[in-house]
Amino acid sequence: MKIFDGNLMHLWSFFKPYRLQMLKGSLFVLINSAVGMVFPFLLKLLIDSQTAEGAKHFSAAELLIGMILLVVIQAGINYWRLYYVIIVGDNLMADLRTNIFSHIVKLPLEFFNQSRVGELVSRIQNDVGLIQESVSIALTDMLRNIGTLLIATTLAFTLSIELAGLILVLLPVIAIIARFFNKSIHDISRELQDKVAESNIILNEVFGSISNVKTFTNEWYEIERFRQHMNQVVATAKKSAHVRSMLGAALFLIVFGAIILIAWLGMTLMKQGEISHGDLLAFIIYAVYITSSLNGMADLLSRIQRSLGATQRISELLQIPTEKVQKIESSLESDEIIDGGVELKGLSFSYPTNRSQQALRDISLKIVAGERVAIVGPSGAGKSTLLAMLSMLYKPDEGMILFTKRNSEDFPLSALRSQFAIVPQDLQLFGGTIKENIIYGNLMATMEQVMKAAREACAHEFISALPDGYLTVVGDRGTRLSGGQRQRIAIARAILRDPKILILDEATSALDMESEFLVQTAITNLMKSRTSFVVAHRLSTVHGADRIVVLKNGSIAEVGNHQQLMDTDQSLYKRLMEFQLA
């Protein structure tokens with residue numbers, strides 16, 4: 001059974017760990033409603049105690065003391081009612097957000113290529129917030145209103161059947177009005193959440209690319225773009241406020257019109273001696289309880305309708321199939337599952353966003369364990385795509401990838417990926433400390449191993465010179481470090497991973513000449529006895545590769561070592577080399 005399908009009832013699967021607290025909260029809700037119904041009855045007795053007949057039962061002092069005790073008891077009940085409602089709501093919100101985040105993280109990379117970060121953040125934050133409001137507050141308030149309605153209606157019938165019958169006429173009228181407005185409220189609420197998500201997208205884009213915004217002096221452009229989206233949010237919110245206000249006004253007219261009619265009819269019955277002064281006052285209070293409950297239930301239904309749009313969006317998200325990733329408890333689980341041998345057989349691939357154009361076409365290549373392979377070619381030839389395929393970030397449309405002569409589909413995905421280390425050209429660090437960024441390559445590594453990896457990546461010296469050393473916070477995406485420093489930390493992370501297969505995408509591109517020489521030495525040592533794939537735009541860095549694979553328009557144009565390709569007439573590699581040297 002799916003967790004979500006647009007129906008809030010499916011949320012109850014998340015209540016299982018908290019069903020005891022929810023039961024306690026529900027009991028206190030019902031007890032609170034029941035105890036609250038005693039107050040009008042005591043008020044009736046207090047009024048009637050001023051008559052000779054009423055004074056025979058209770059004195060005014062006794063009734064006042066009883067009313068005070070009742071208020072104190074109800075205050076305590078209210079405390080526990082709210083306590084359990086809040087506890088369940090907060091736990092539910094945390095569980096929902098954790099489950100949605102867990103699902104999103106396990107989705108394939110192609111999903112993220114087609115999604116925007118701000119929208120995903122909005123799903124986790126805003127949509128779950130609406131669901132929490134509906135489930136933890138609206139539903140419990142609905143239970144309280146139903147309890148109040150049932151008890152107050154029963155007690156009202158004991159006081160006057162004629163007056164109570166008038167109240168029953170209100171039920172279908174209010175139900176029809178609420179049903180009429182709820183569909184509009186649901187549609188407008190979904191539109192409002194979409195507008196809020198769009199504004200979150202702008203925030204993530206601007207804050208994530210703030211240097212570009214400032215470099216191109218587009219602060220005012222972004223301010224105006226955000227203001228326009230906020231105006232759209234306000235316009236949609238006005239539509240929602242209009243519909244909800246119309247519902248509230250209609251219910252207000254019906255409720256208070258009914259109370260006026262009840263007061264008039266009650267006075268007539270009192271003059272006829274059919275009810276006492278206390279009966280009329282108590283009935284009017286019960287009538288207020290009943291009509292307020294009906295009014296509150298209609299408002300709560302509209303709030304629940306608002307959350308249904310959020311629930312449907314989350315449902316759509318959770319229905320997207322995830323990758324079959326597994327938790328790696330120990331490095332021993334993935335050790336020795338491959339030896340570094342790789343074979344590509346008829347590999348073809350097109351990105352989901354552009355199925356009409358193949359990014360890779362019929363790629364066939366066999367690499368022995370420990371071989372160093374350079375992948376070169378013009379821009380757009382498919383180099384980065386091929387690396388993404390090798391690291392199992394995408395699945396081929398045709399053909400297969402073999403590791404150690406076994407189909408990649410036969411391996412547990414997480415265990416297979418744990419055999420790779422990737423140093424990309426456009427790297428981004430996490431906003432934590434240097435140590436946290438390096439140890440990300442192997443979460444079970446010791447501090448000694450972290451420092452050893454940093455030394456091999458020629459990063460230990462500059463890290464030690466920082467005031468906080470390895471505990472230095474690098475800032476969002478590593479902005480407090482230079483490009484070369486970030487690159488060396490990424491290389492240290494790859495070294496710490498100790499992979500069977502190493503993928504380097506212009507790993508030295510951000511380094512100065514001195515650092516490049518030092519890091520290139522470290523990379524050369526790291527590549528020993530490991531299968532290595534190196535994407536290089538500067539062809540001078542691939543002379544020492546065992547084989548050079550030249551790509552053109554997604555296909556292999558030629559394969560050979562540097563000398564073989566340079567000695568071949570009309571070689572694409574040779575032309576590229578001559579162009580760079582010119």
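Predicted model: local features only at pLDDT ≥ 70, side-chain atom pairs only at ≥ 80, totals over all residues.

Reader: Okay, which residues is I262 in contact with, leaving aside its neighbours within four places in sequence?

Author: L163, L166, I167, F283 and A287. Take I167: 95 residues separate it from I262 along the chain, yet their C-alpha atoms are 8.4 Å apart. Across the protein chain, 77% of the contacts between residues at least 6 apart in sequence join residues at least 24 apart.

Reader: Is I262 buried or exposed?

Author: Buried means under 20% relative accessible area, exposed means over 50%, and partly exposed is in between (1.4 Å probe, protein chains only). I262 has 1% relative accessibility, so it counts as buried. In the protein chain, 46% of the 582 residues count as buried.

Reader: And which helix does I262 lie in?

Author: Helices are DSSP runs of H or I with at least four residues, strands are runs of E with at least two, and both are numbered from the N terminus. I262 belongs to helix 9, residues 219–271. The protein chain has 19 helices and 10 strands.

Reader: In what order do the strands of the open sheet come?

Author: Pairing first: two strands pair if DSSP finds at least two bridges between them. Here 6 strands form an open sheet in the order 6-7-8-3-9-10, with mixed pairing. Strand 6 (420–423) and strand 10 (555–560) are the edges, each pairing on one side only.

Reader: How many bridges join strand 3 to strand 8?

Author: There are 4, and the two strands, residues 372–376 and 531–535, run parallel.

Reader: What lies across strand 6 and strand 7?

Author: For angles, axes are lines fitted to C-alpha atoms, for helices over the stretch in contact, and the angles run from 0 to 180 degrees between N-to-C directions. Helix 16 (residues 483–497) lies across strand 6 and strand 7 (501–505), at about 175 degrees to strand 6.

Notes: Residues numbered from 1 in each chain as written. Heavy atoms only, no water. Contact = heavy atoms within 4.5 Å.
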